[in-house]
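Please consult the sequence and the coordinates alongside the text.

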Amino acid sequence: MDLKEYSEIKISEIEPILKINLRGKNRNFITKIGKELSIITPVDPNTSSSNEKLNLLWLSPDEWFLYSNDKLGIKDANSLEDKLFNEISKVKLGSVTNVSDHWIMINLKGRKIFELLSTGCPFNFNNFKNSKGAVTQTLLNHIDVIIHNKNVNDLNLFVRRSFSAHLWSWMNDSARFI
Amino acid sequence: MSKDLRIANNRFIDQTSRISFKFDGKTLYGFKGDTLASALLANNIHLVGRSFKYHRPRGIMTCGSEEPNGILQIGNDSSMTEPNTRATEIELYEGLEASSQNCWPSVNFDIGAVNNFFSPLIPAAFYYKTFMWPANFWKLYEYFIRKSAGLGRSPTEPDKDVYDHRYLHCDVLIVGGGISGIIAAKKAAKNNLNTLLIDDKNVLGGTTIFQQNECFKINNSYSNEWLKKEIESLNSFKNLTIKTRTTLAAYHSYNYLLARENLTDHLDLKEKKDKIRQRLLKIRAKKVIIATGAMERPLIFNNNDRPGIILSSSIKKYIDFYGVKCGQKISLFTNNDSAYETAVSLSNRGVSVNSVVDIRDKTNSLIVKQVEKLGIKIHWKSSVVNTNGYKRINSIEIMKLSDDGTAVMGKKINEKCDCLGISGGWTPRVHLFTQSGGKLKFRDVDNVFLPDKSELDQISIGSCNGDFELDELIKNSVNLTNKFLKVNNNDYENLEVVCSKEIDKKNIWLLPSDKPLKKTKSFLDFQNDSTANDIKLALREGFKSIEHVKRYTTTGMATDQGKLSNMHALGIVAETAGVKMGNLGTTTFRPPYTPLTFGAIVGRNVGEFFDIARKTPMHDWHVENKAKFENVGQWKRAWYYPIENENMHEAVQRESKAARDSAGILDASTLGKIDIQGSDASEFLNRVYTNAWSKLEIGKCRYGLMLNEDGMVYDDGVTTRLLENHYLMTTTTGGAANVLSKLEDYLQTEWPELDVYLTSVTDHYGTVSICGPNSKKILSKVIPDLDLSDKEFPHMSFKNALIDNIKCRVMRISFTGEHSYEINIESSYSKSVWEKCFEAGKEFNITPYGTETMHLLRAEKGFIIAGQDTDGTMTPVDLQMDWIISKKKYDFIGKRSLYRSDTIREDRKQLVGLLTEDPKEVLEEGAQIVAERNKKPIEMLGHVTSSYFSPNLNKSIALAVVKNGKKLKGQKMFVPMKNKTINVTITDTVFLDKENKRLNA
Amino acid sequence: MFIINCPYCGERDQSEFSAGGEAHIVRPKQPTELSDDQWAEYLFMRKNIKGVQFERWNHSHGCRKWFNMVRDTSNDKIHAVYKMGEKPPVK
């Protein structure tokens, strides 16, 4: 899934980066992940926090999604996962699950990306568009996606691997007509 | 083109760009900006079709979506042709081909027209009444009726055009870009609201945009000029989106609206290519303003359907907007003032107006006076009692009306004409309002239904809200919009509006004739050919409800949904039954407002995108190795891998033999996988599975059955204990999403106290399953440092391992009864591990096998497939799996249901094996099983759920559910098929290796 | 198509949600001590009324949380949404 360019839309797959699903309910869990990752755990719905390396996305009141900006070496990735697992899951604070290959990340850039999304997504992007860091989980062409507003007209979209080829091809087909 | 029908110069039609098109094979010319209807009229073509039932010649009657007659077939290409399009809505383009429908051999000579002479024999519901008996003759009747009733041809090949969908979110949606819609749009936009204005025409401004009449002025300008400037001023608003050629199709609750945007229908054939033809807009609006205007009513009198009889307001639009004269000598027939506007327009453009026939007593409004000043004759208190001319009207007969309007009298005047404009008043377009669930109220003074109460955040303004006088329309639109949008400016409040106002109103639903009603043809529904007489007949035959009358006479049931006919049908019913019209209610208007193409509804969900396709990480390998695929849910799973010309049976026989004899390899990545963590994980599993989990050792796997609360088997799979508080659960491929959602449901709602977290990892891991007597040797080549001895790595256990430094989980579990392993590894590496195993297995003839072989292998072992051998009515006991129900556990999902009176019945259907008397005979899945062949009615005891020919046993085997099956082991049964009866014996469900020796082979 | 105000994520299109039947039917703590009739009452009996009804919904394509909704089935008006475990608003 190589970079494709259309009028004011660029679509590219960013691979492979570390992705971890974090779940937990109590305050200790929230402070612990903040500390371990040097990141403020976002507790407001549909928001995220980022530092130079990592992004932490709110998914639900007891679920967060962590992904790295860059590709990490196997060693670094394993050690981050192990560290989190030992500090959280093992001590019964919550769960830590590697989902790096569960999700494919597709980057969308350009002035018309929201038009592209509107061809198959019921979500109202009117406010989302202008709030950097906003996160939404919704449907695109009937497929579950997580969308992270990384920057102005710059989105990271996560789709489950088994759906990714289909969604990729659908997005490219859509982009032709925008 | 007849030059004398086209007047020079107007601003809507580009008379410099000539367009050629074909109608019924003949090449004609029009201009850019014409509709097909206006171009045909400019070519002096009125006759465009034959009526549905009587095959009477019919001509264009309107200029909009309510057109009942100008229903044409567009295009000649077998994939692009489109039936039942309205000529009044088709914009002319170079290369357009149109043809008449419902006539043979041609519109000018139509054999079906004999129906017209037999019409007294074809009353309302003729088809219902005549073709009822004998019932089994219907098949024969239907063939001929369908043939003669055809309206247009469907395309025979796939549509080549591209369609799309788009979601739009706005603060305010304004439907209709007439004068009130424009006022509302400007107010909304000025108020910084995100505004969307849609209109079905290509030019905004409704009917006002071509109203250039001394009697209608705003701030000392003609109303059209004033509105033109207003429309131009809309360009400055960035928060206002205007979509023309966009028809609102449906208005649903929560202000969810569907509209069709036409993008290329007006373009030349060449320009249409590679563009989206139509786009279905899915609009979410916080507020909706309906400004859809009103449509003119026809008048109901004898022979009111001849070509050349046109709504008077349409004649006005054809002359003022398109510059087309509908005739050279035009007569007008009206019950209100609007026909006088037409008279003025025609007269100003040099068309001679014979006379105006008005059913009212003399009236003195501004516009009437203007017509009198022009010297046009007016027949007051008169009616047209008949028209003449077969394929085109050539004269009308006029008589005086009695005082009560029920009869005509005096001398009959014959007036020659080539066109008759009719106006029966106006009907507000309340369709969208009622679609949205709004209730209507009735206004007696001019017999209109108006919007009343609505649950939604919406208003109707302008003539669709019953404002027909320009000054009031503006005043009320402004006030209503201000209030609705909470606007605080005084725009439009000090306008100087001059307009003619109607003083006298009078209405007669069915105009009298000098002939008895039975001898007249007064059409109500032009498209479905039903007459006033039909309505009266229905009432005489006892139909009272308007909904019944509608269905019996088919009035209002054509593709126009009775836009022109409904009010008259209601009026005549009310009058005849002596009921007040307001109390009668209306029929229901349903979406879509105008017909939608299937293309627009489907959008781009065609071909490759018809359904979602999920692929495993090894998908490409399967494709390269010529696998045939099977759809399992949305997954594409390798079904079998034919070599050369093998058919499925041959491939499956080979694959299943190889798996048992040496080694097979299967892609099991589609199984659902759920990562379970938390200190209560074991307790949680105890509650969701029927068996006990607390004592499962770390590193061990266990098979579990999951029930619904009703005790019926829901899903199954193997769960592995990875750590003290960490499990990996697998589910069936099809059940994965539902199982996760069901488990989350219990955790969130019933057992929030449990410390358990679930995360789907289905797509994170690819699963390579290798089985067969040589699987151990193969695995030892792939992971040399893993101890595969039965002692270290027994059946139902798991090991963490590394393949090329990548972590993976290896489970020794088996769905085939063979010694086998499943390697779970991150999806990015799955394909290379698959290839590694395949390489390593080559010396053992490792054979890739698909789902069909997997099903066969497990059936040999009597393993169930949830969803194939179970159907939501089977308990574990029914499946003879009593061993999996823990007796010690206090509770689990479905436990209590297992001893309800119904579930402990002994004669429930139970899972059994079946062997056929002839070992070569393979049963059909779904075939019924009976014990006695001669008893009638035959008692069906059960059915076959799985059936295969087993190459390993060299005989046919089957699983089945049979009433009281457990006790019937050894009994002979019958499977009756279409041409034969198959003898079978009930057996145990396990056909192969009952001692499970092969697991450790 | 409703707009549903998920108590966690805010207003979303109905297509992101799935309906889960009548609300406030608590699973008995000790099912084995119930008679067939009592168990059947829990298992099968649902009101399905025309009018104001309490329902369970799941934001299945969003945060995956279950919540409750008060909806008038006669006109589809949603009167309230509230989290699991919270008390229903007074009628």
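Predicted model: local features only at pLDDT ≥ 70, side-chain atom pairs only at ≥ 80, totals over all residues.

Asp869(B) lies in the loop of chain B that runs between α24 (851-860) and β45 (909-916). Its relative accessibility is 1%, and Asp869(B) therefore counts as buried, the limit for that class being under 20%. One of its contacting residues, Arg858(B), also forms a polar contact with Asp869(B), side chain to side chain, at 2.7 Å.

The discussion now turns to the nonpolar cores. The largest of them comprises 85 residues, within which Phe21(B), Phe23(B), Leu36(B), Leu40(B), Ile179(B), Ile289(B) and Tyr318(B) touch the most other members. Helix α5 of chain B, spanning residues 179-190, supplies the largest share of this core, namely seven residues. The surroundings of Ile179(B) may be described in detail: with residues up to four places away in sequence not counted, Ile179(B) touches Gly205(B), Thr208(B), Ile218(B), Trp226(B), Leu227(B), Leu470(B), Leu473(B) and Ile474(B).

The remaining topic is the interface between two chains. Chain B contributes 25 residues to the contact and chain C contributes 30 residues. Between them, chain B and chain C bury about 2400 Å², of which 44% is on carbon and sulfur atoms. On the side of chain B, the residues that lose the most area to chain C are Tyr254(B), Tyr890(B) and Arg896(B), which together account for 28% of what that side buries.

Which polar interactions link chain B and chain C, and how many residue pairs are in polar contact? There are 21 residue pairs in polar contact between these chains, with both residues at pLDDT 80 or more. Six salt bridges are also counted between chain B and chain C. Among them is the salt bridge in which the side chains of Asp891(B) and Arg27(C) meet, at 2.8 Å from N to O. Helix α21 of chain B, residues 736-750, gives the most to the side of chain B that touches chain C, with seven residues. By residue class, that side of chain B divides into eleven charged, seven polar and seven nonpolar residues.

Conventions: Residues numbered from 1 in each chain as written. Chains lettered and ligands numbered in written order. Heavy atoms only, no water. Core = buried A, V, L, I, M, F, W, Y, C linked by side-chain atoms within 4.5 Å. Buried < 20%, exposed > 50% of the residue type's maximum accessible area, 1.4 Å probe, protein only. Helix = DSSP H or I, 4+ residues; strand = E, 2+ residues; numbered from the N terminus. Contact = heavy atoms within 4.5 Å. Buried area = accessible area lost by both parts, 1.4 Å probe. Salt bridge = Lys/Arg side-chain N within 4 Å of Asp/Glu carboxyl O. Polar contact = N/O pair within 3.5 Å; in protein donor to acceptor, adjacent residues only side chain to side chain. Nonpolar A, V, L, I, M, F, W, Y, C, P; charged D, E, K, R; others polar.
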